[in-house]
Amino acid sequence: MDGCFQPAWWCRGPHAQTLWARLARRPPEIRFWRERLELPDGDFIDLDWSENGSGPIVIVLHGLEGSSDSPYARGLMHAIERRGWRGVVMHFRGCSGEPNRLARSYHSGDTGDLSCFVNTLRHREPRTPLAVVGFSLGGNVLLKWLGKAGGGAPLRSAVAVSVPYVLDCAADRLNQGFSRLYQWQLLRSLRRNVAEKRKRIKLPLKIRDLSSLRSFRGFDEHVTAPLHGFDGADHYYTVSSSRQYLKDIVVPTLLLHARDDPFMTEEAVPGPHELSDAVVLELSTHGGHVGFVTGAWPWRARYWLEQRIPRYLEQYL
């Protein structure tokens with residue numbers, strides 16, 4: 001269905017929406033306390049909890065190379081605190097400012113760590129209402145996990161924002177036109193992290209010159225796939241894309257997406273026949289990628305996601 005988001009008059013176009021939310025915004029101050037969760041395979045993930053709030057817990061999953069410092073994560077955590085809930089940003093491996101221990105990283109289809117964290121919370125607080133919000137890559141992880149878990153996912157509700165539902169389509173789109181700017185910035189961070197890890201431990205990678213990897217497809221072929229047991233980029237994309245899992249989701253789930261998202265083409269967005277009865281798609285004409293900037297003036301910008309997401313969650317929490 002069409003979403004109700006209307007972009008600010010001074011921030012129109014997919015790139016303006018996407019870049020303003022990342023570069024021009026001054027995210028709210030949030031006081032975190034950090035917990036380290038040891039994983040069954042000997043690695044760890046770091047969890048940044050809000051200091052305020054009680055009752056229901058909302059897990060926030062960041063996007064590619066994101067963290068609790070990402071403006072969208074801080075903005076949503078602030079909105080969660082205002083509702084009196086507890087918020088926690090779950091960092092994917094190696095994204096919390098400290099390299100993870102093992103010769104692997106994280107990827108768009110890795111649901112194991114989310115499952116481990118959710119099960120940990122269920123064991124600690126079996127009666128506490130729980131929800132998860134995923135942005136971009138984090139949304140893809142969330143939707144795949146929800147589809148695979150079916151009725152076994154112990155959540156009250158979930159929200160996924162600007163998800164790359166078909167990973168090969170997203171990889172190809174980010175290698176075209178102005179969208180290559182986003183690819184360049186993200187690949188620079190990914191290559192740097194791999195280079196730093198190589199200084200610490202031996203990685204099962206044949207490629208030596210990481211600077212030659214100038215597209216996501218190349219990076220996923222030579223780094224993501226060999227580190228995580230895939231036959232290649234195409235195998236990784238096929239197995240990890242979330243669109244194929246949407247029909248099996250049982251938990252009430254809201255999908256928020258913009259038709260003009262510069263990280264993918266509109267063809268990647270699922271149709272109504274691909275959604276289970278528990279899934280609602282709100283498809284806005286504008287909004288960019290994790291943008292959705294509104295407000296009367298630039299100095300009074302408002303971020304629609306921080307209104308829409310809590311409003312949906314409170315029906316179930």
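Phenylalanine 292 is buried, with a relative accessible area of 0%. This residue sits in the loop between β8 and β9, and its phi is positive, about 55°, although it is not a glycine. The model described here is a predicted one.

- An open sheet is built from 8 strands, which follow the order β1-β2-β4-β3-β5-β6-β7-β8, with mixed pairing.
- β1 and β8 are the edge strands, each of them pairing on one side only.
- Between neighbouring strands of the sheet the average turn is 20°, with direction ignored.
- Strands of a sheet are paired through backbone hydrogen bonds, in either a parallel or an antiparallel sense.
- For β2 and β4 the sense is antiparallel, and the pair has 3 bridges.
- Tryptophan 49 is placed opposite valine 88 of β4.
- Helix α4 (residues 137-149) packs on the sheet, where it touches β3 (57-61), β5 (130-135), β6 and β7.
- The direction of α4 makes about 135° with that of β5.

**Alanine 160 in strand β6**

- Strand β6 covers residues 157-161 and includes alanine 160.
- Is alanine 160 buried or exposed? Alanine 160 has a relative accessible area of 0%, so it counts as buried.
- Beyond its neighbours within four places in sequence, alanine 160 is in contact with Gly134, Gly139, Leu143, Leu254, Leu255 and Leu256.
- Alanine 160 and glycine 177 are 17 residues apart in sequence, and their C-alpha atoms are 26 Å apart in space.

**Helix α1**

- Helix α1 spans residues 14-24, and Gln17, Thr18 and Ala21 in this helix are buried.
- These residues lie on the same side of α1, because they cover an arc of only 95° around the axis.
- What do the buried residues of α1 pack against? Their partners are α2 (71-82), α6 (180-200), β9 (293-294) and β10 (302-303).

**Positive phi angles**

- Most residues other than glycine have a negative phi.
- Serine 162 has a phi near 50°, a positive value in a residue other than glycine.
- The loop between β6 and α5 (167-173) holds serine 162.
- Serine 162 counts as buried, because its relative accessibility is 0%.
- Phenylalanine 292 also has a positive phi, of about 55°, and phenylalanine 292 is buried too.

**Salt bridges**

- The count of salt bridges is 21.
- Arginine 36 and aspartate 46 form one of them, with their closest N and O atoms 2.8 Å apart.
- This pair links distant parts of the chain, since arginine 36 is in strand β1 (residues 32-38) and aspartate 46 is in strand β2 (residues 44-50), 10 residues apart.
- Aspartate 46 is buried at a relative accessible area of 2%, whereas arginine 36 is partly exposed at 34%.
- Arginine 36 also meets glutamate 98 in a salt bridge, with an N to O distance of 2.9 Å.
- Glutamate 98 is partly exposed, its relative accessible area being 37%.
- Another salt bridge joins arginine 243 to glutamate 274, and here the closest N and O atoms are 3.0 Å apart.
- Arginine 243 is in the loop between α8 (233-240) and β7 (253-258), while glutamate 274 is in the loop between β7 and β8 (279-284), 31 residues apart.
- Arginine 243 is partly exposed, with a relative accessible area of 24%.

**Cysteines**

- The number of disulfides in the structure is 0.
- Cysteine 4 is in no disulfide, and the nearest cysteine sulfur, in cysteine 11, is 17 Å away.
- Cysteine 95 is in no disulfide either, because a disulfide needs two cysteine sulfur atoms within 2.5 Å and the nearest one, in cysteine 116, is 17 Å away.
- Cysteine 95 counts as buried, with a relative accessibility of 10%.

Conventions:
Residues are numbered from 1 along each chain as its sequence is written. This is a predicted model: local features need pLDDT of at least 70, side-chain atom pairs count only at pLDDT 80 or more; totals for chains, interfaces and linings use all residues. Side-chain values use heavy atoms; hydrogens and water are left out. Buried means under 20% relative accessible area, exposed over 50%, partly exposed in between (1.4 Å probe, protein chains only). A salt bridge is a side-chain nitrogen of Lys or Arg within 4 Å of a carboxyl oxygen of Asp or Glu. Helices (H or I, at least four residues) and strands (E, at least two) are DSSP runs, numbered from the N terminus. The arc is that of the directions from the helix axis to the C-beta atoms. Contact means heavy atoms within 4.5 Å. Two strands pair if DSSP finds at least two bridges between them. Axes are lines fitted to C-alpha atoms, for helices over the stretch in contact, and angles run from 0 to 180 degrees between N-to-C directions.
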